[in-house]
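Take a look at the chain below. We will go through its fold, then its sheet, then its surface.

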Amino acid sequence: MYPDDDEGYVSEIKDIPGCFTQGETIEETLANIDDARKLWLETAYEYGDHIPLPSTNIRCEGESF
């Protein structure tokens, strides 16, 4: 999330190409990006598009690499 040049904030999910939104407040922007994520995933699933796995460095307990 970062400030918009005009006003408000912009948020994007880097793991999901083209999934971004904006809002006037941080709270509104967070709600909007959650909606955008859900809609992106629903649409990708409906059309059989590739849904990328999230990139993360977090390991689950018991996982070995």
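In what order do the elements of the protein chain run from the N terminus on? The order is β-β-β-α. That makes one helix and three strands in the protein chain. Keep in mind that this is a predicted model. The chain holds 65 residues, and buried residues make up 17% of them. Buried here means under 20% relative accessible area.

Start with the sheet. The three strands form an open sheet in the order β1-β2-β3, and the pairing is antiparallel. β1 and β3 (20-23) stand at the edges. Each has a single partner strand, so one side of each lacks a neighbour in the sheet.

Now move to the pairing of β2 with β3. These two strands run antiparallel, and four bridges join them. Find Val10 and look across to β3: its bridge partner there is Gln22.

Stay on β3 and compare its two faces. Thr21 and Gly23 make up the covered face. Phe20 and Gln22 make up the uncovered one. Gln22 therefore belongs to the uncovered face of β3, and Gln22 is also the residue that bridges to Val10.

Next comes the surface. Which residues form the negative patch? They are Asp5, Asp6, Glu7, Glu24 and Glu28. Take Asp6 as an example. Asp6 sits in the loop between β1 (2-3) and β2 (9-12). Is Asp6 buried or exposed? Asp6 is exposed, because its relative accessible area is 70% and the cut-off for exposed is over 50%.

There is a nonpolar patch on the surface too. Met1, Ile26 and Leu30 form it. Together they have about 270 Å² of accessible area. Leu30 lies in helix α1, which covers residues 26-47. How does Leu30 count by accessibility? Its relative accessibility is 47%, so Leu30 counts as partly exposed. That class lies between the buried limit of 20% and the exposed limit of 50%.

Then find Asp6 in the loop between β1 and β2. Finish at Leu30 in helix α1.

Conventions. Residues are numbered from 1 along each chain as its sequence is written. This is a predicted model: local features need pLDDT of at least 70, side-chain atom pairs count only at pLDDT 80 or more; totals for chains, interfaces and linings use all residues. Side-chain values use heavy atoms; hydrogens and water are left out. Patches are made of residues with over 30% relative accessible area and no salt bridge: like charges are joined within 9 Å, nonpolar side chains (Val, Leu, Ile, Met, Phe, Trp, Tyr) within 5 Å. Accessible areas come from the Shrake-Rupley method with a 1.4 Å probe; for residues, only the protein chains shown count as cover. A salt bridge is a side-chain nitrogen of Lys or Arg within 4 Å of a carboxyl oxygen of Asp or Glu. Lys and Arg count as positive and Asp and Glu as negative; His and the chain ends are not counted. The place of a charge is taken as NZ of Lys, CZ of Arg, CG of Asp or CD of Glu. Buried means under 20% relative accessible area, exposed over 50%, partly exposed in between (1.4 Å probe, protein chains only). Two strands pair if DSSP finds at least two bridges between them.
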